[in-house]
Amino acid sequence: MKFIKLSHKWVSLLVVIQMLIWLGSGLYFNLMDHHKAGGHTYRAHNPVVTSTQSFTPVAQLPLTAPIKGVGVIYLLGDPYYRVTLSEPLYSYWKGQYQLFNAVTGDRVVIDEQFAKRLAQASYNGPGEVTSAVKLSPPLSELPKEKNPVWQVSFSDGIHTAVYLRQQTGQIAGHVDDHTRLRDFFFMLHFMDYANEGSFNNLQIIILAILTLWLALTGLMWTVNLFREGQLSITLTDKQHKVTVDVLDVQQQNEVTLSADASLFDSLWQQEMLLPSTCGGGGTCGKCRVKTDGKIDISSADKEQLSTEQLRQGWRLACQHKANKFNHVIVPELQQPLPRHTLKLRSERYLSPVIKELTFEPVNNAIPAYQAGAHLRFEIPDTNGANTKTYRHYSIATPSEDADLVFNVRHHPSPDDIVPAGVGSDFLCQLSPGDEVSTLGPIEGFAIDTKHTGTKMLLGAGSGMAPLRAMIQSLLAQDHKQPVYFFYGARTDDDLLYLEEFTELHRRHNNFHYYPVLSQPGMHWTGEVGYAQEVMFKSQAEIKGFSDAQFYLCGPQTMMQQTIERLTQEGIGSNAIFYDSFGQPAKLS
C-alpha cells in the first residue's frame, strides 16, 4: 500500500502540472489574435490570375517519367504547368513535382532569385529581404512540411519568414513572432515536445496511462481506507454508545460517542484521555485498547502491535472509527489536561515551507513542562460543522521562556484532489490577534536529567522544534558536558535558526553545531550530505560518543537509518530517545 500511496501522490503532481499548462495555454488560444497567429500580419493575398496566351500542349513537354496529373498554377502572373509525378494526400506530405513554363514548355527550377521574388510578391510589410536559404525537412517552424523549401527572411519588427516549396514555388507558410508564440502554446497544449505538429504523440499516450493509474490508485487507496475503517459515509452526525472498562481504576462507563470520529478523538471529547505522544497519528502506539469484537487490522496496528497482541484483540484507538466498537478495555487513562486559549502574537516564515508561530496565553499561564513537550491544538471544521480535529505540535521553547513558539510545516492543497493539511493549513492561515484552543502540555519526549554524559541531538525539517527547546534548556541550566547538534536541510534557505545556533556555538564551549545541506549552493562551506551520515562520520571527534544519549526528531527515513546504525554501533535502546512525527521509527 505504501507504493500505491507514493505513486498516487507523484502521479497526481504530474497530472496537475499538465492540467495547469492546459488551462494557461487554453486561455491563450481564447485571447489570441487569430489573424496574427495565423501568420497573416504581412501576408499579401494576390487576386486570381488568368492568361489569354497559347499554352504548349502537355504532350510536347520534355517529361522523363510517368505522370499522375497536370495542373496550371500562376507564379508572378505567369502560367506554369505543375506536373505531378508522385501525389500525396496532403500538400505538405512528401511529393514529386516538375515545373514547366506553360507558354514556352521549358523546364523551370525555383532558384534563389526566383524564390526571393515570389516571397516579395506574397509580402506586404515594411521589411526588406535579408536572406534566402534552401532547407530540407524536418523544419522546426513547419513541423508538418515534408518537402524541401526556400526560407526567405525579412527585416521587419516581427521577423517574418516566408517558406516556399522548392519544386513548385508555392507558398508553404508565413511564419513570424506571432505564429512562433502560437506554436509554443500549441506545443504545451498538445504536449508536442518532439515538435511533430500533432497531438497524436507518445507524451499524450503516457499521460493517459498515468491518469488511468492515478484513478486506479485513488480507488485502491479509498477502498483501503474504508476497509481499515478510517473512512466512512455518513449523512448525519450519528451517535454511538460504547462501554469502556478502565483497568487501572476498575471502572466501567457507558459513553455516547461521535460515530464518525476515531475512538481516540471521541474519547478525548468525553474527557477520557488515552495516552498518546503523536496526537492520533498512529506512530507512538500508546493509545491501545482491547476489544472482543471483530475489528479490522490497520497498517499502523501492524507496525505498533505484536502478532500476539493483534490476535488477542488489541488495536490502536486512533486508527478506527468509534462506531466499530461496542465494548473496549482501556489499560489506563491520562489525567484531564488543562485547557488554554492562546493568542497569536507574531508569525514569520523561517523557510519556504516552515512557519514560526509565537503565541501568548490569554488567561492562565501554561504549566511548567519539560523541554520537548507538545500542545494539543483544537482545529475547527472548515465547513462549519460542530466537529473538531486535533493536532499535536512541539513547543520550540523551554518552560523558562515566556514565549510559546511552534515550527509548523505548511501543507497547502496542491490541487482539487489532495486536501490541505488540516492542522498546518488552519494554523498557518492565522493572523496576529487570532485565538486558538489547546490542551496540555503533554510530555513524553524529554531530556533524561539523571544522565550527565554527552548529549547527541539529530534533527531535520520541523523536527527542529523540540530539539531547540532541549538545547536552550540544557545551556540555560549550565550543562557542563558536551552537547552536539546535527541538523539537516536541503538548501541554506531551509536552515532554521542558523544565526541563533551559530551564536550559541560561539558563546558555549561545550555546544557543537553542525548544519548539513543535502543540496548546497555554490557558496556553502559547511557539511554536505545527510545529517545522520555526518554525525557518524564525525564519531571519532565526539567526546563520549559510545556513552552518549541520542535525541532524534525528523523524517522517518532519517530516524530509521539512525536507529539501525546506532544499534549496530552497540548503543542500547535505553540511550535512544525519539519523537517521530512521520511513519513510526522502531527500535530493534
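In which sense do β20 and strand β21 (residues 483-489) pair, and over how many bridges? Keep that in mind as you open this predicted model.

**Stop 1**

Select residues 455-460, strand β20. Six of the six residues are buried, so β20 is largely enclosed by the rest of the structure. Buried here means under 20% relative accessible area. Now show the side chains. In a regular strand they alternate between the two faces of the sheet. On one side of β20 you find K455, L457 and G459. On the other sit M456, L458 and A460. Both faces are covered.

**Stop 1: across to β21**

β20 and β21 pair in the parallel sense, over six bridges. Click M456: its bridge partner in β21 is Y484. Next, trace the chain from β20 to β21. It passes through helix α10, residues 464-476. This β-α-β crossover is right-handed.

**Stop 2: β24**

Select residues 549-553, strand β24. β24 also pairs with β20 in the parallel sense, here over five bridges. Go back to M456. In β24, F550 stands opposite M456.

**Stop 3: an open sheet**

Move to the sheet with the order β10-β9-β13-β11-β12. It is open, has five strands and shows mixed pairing.

**Stop 5**

Select β9 (residues 239-246) and β13 (residues 327-330). They pair in the parallel sense over four bridges. Finish on T243, which stands opposite H327 in β13.

Key. Residues numbered from 1 in each chain as written. Predicted model: local features only at pLDDT ≥ 70, side-chain atom pairs only at ≥ 80, totals over all residues. Heavy atoms only, no water. Pairing = 2+ DSSP bridges. Helix = DSSP H or I, 4+ residues; strand = E, 2+ residues; numbered from the N terminus. Buried < 20%, exposed > 50% of the residue type's maximum accessible area, 1.4 Å probe, protein only. Right-handed = clockwise from strand over helix to strand, strands pointing away.
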